[in-house]
Amino acid sequence: IETRRAELLAHTRPFELPFQPAGSPFARSLDELVARAKDEHRLLLLCLHGGRAEDGTIQAVCEAHGVPYTGSDARASKLSFVKPAAKEAVAAHGGRVAPALLIENAEQARDPRLLHWLTQYGKLVAKPAADGSSYGLLFVDSARDLERLPELAAHEAYLVEPFLEGPEASVGVVEWNGEAEVLPPVEIRKHEGDKFDYAGKYLGAGTSE
């Protein structure tokens, strides 16, 4: 949908309230839109966020049409978006990953191993298995917190891991002229008592980078 700069500037609560553009659609479908980009010999600058923008869907359509775009390819995008697959890939290359339980429905969310893990590790964290931005994060500090998991898992699969204490950092890697370049690490410091969840990331509440 065509969007003007003034519209974006008028949206004063991004990441908190949905943005509803007033313009007309460029195309009736994603496939039609990418086909138009090919006809116009465009390079697509992908600045989209969440869902199909991050899980490789848009990238795959671009690749099918032969349209160049910025960012990771479809395979890498899907691999990084689906947490169990990402953990497997990291482990296969010698990286250390936390143990995890994949909870695919409400019934599995009542698995007695979860309570055993809570006793063993003290704290757990549950997160959607295929989502980003710390959306839907559930911090499990007690058995009462586990009671929320069946309701969440009824809508989408969740991954449960031990809660790991320690510094948190983001490290970007870009490909430049065929070489991988590591960008400077960015440490994420949460305020005392706050958690690095969706609000902490995007609403300026509780963290500094």
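Entry 1: I began with S5 and strand S8 (residues 186-190), which are joined by 3 bridges and run antiparallel. Looking across that pairing, I found Glu168 standing opposite Ile188 in S8. A reminder to myself before going on: this is a predicted model.

**Entry 2: the sheet around them.** Which order do the strands take in this open sheet? I noted S5-S8-S9, 3 strands with antiparallel pairing. S5 and strand S9 (207-208) are the edge strands, since each of them pairs on one side only. My note on sheets in general: strands pair through backbone hydrogen bonds, and they do so either parallel or antiparallel.

**Entry 3: the hairpin.** Next I looked up strand S6 (residues 173-176) and strand S7 (residues 179-182), an antiparallel pair with 4 bridges. Val173 has Val182 of S7 opposite. How many residues sit between S6 and S7 in their hairpin? I got 2, and Asn177 in the turn has a positive phi of about 55°.

**Entry 4: a loop glycine.** I went to the loop between strand S4 (158-162) and strand S5 (168-170), where Gly166 lies. Is Gly166 buried or exposed? Its relative accessible area is 54%, and the cut-off for exposed is over 50%, so Gly166 counts as exposed. I also checked Gly166 against His41: they are 125 residues apart along the chain, and their C-alpha atoms are separated by 47 Å.

**Entry 5: aromatic rings.** I searched the whole structure for aromatic pairs and came back with 2. In one of them, the rings of Trp117 and Tyr121 have centres 5.6 Å apart and planes at 80°, so I wrote down edge-to-face. Both residues belong to helix H6 (residues 112-121), and they are 4 residues apart, about one turn of the helix. Trp117 is at 11% relative accessibility, so it goes down as buried. Tyr121, with a relative accessible area of 34%, is partly exposed.

**Entry 6: the other ring pair.** Phe139 and Phe163 have ring centres 6.0 Å apart and planes at 70°, so this pair is edge-to-face too. Where in the chain do Phe139 and Phe163 lie? Phe139 is in strand S3 (residues 138-140) and Phe163 is in the loop between S4 and S5, so I logged a link between distant parts of the chain, 24 residues apart. I have Phe139 as buried, at a relative accessible area of 15%. Phe163 is partly exposed, at 27%.

Notes
Residues numbered from 1 in each chain as written. Predicted model: local features only at pLDDT ≥ 70, side-chain atom pairs only at ≥ 80, totals over all residues. Heavy atoms only, no water. Pairing = 2+ DSSP bridges. Buried < 20%, exposed > 50% of the residue type's maximum accessible area, 1.4 Å probe, protein only. Phe/Tyr/Trp six-rings, centres within 6.5 Å; stacked < 30°, edge-to-face > 60°.
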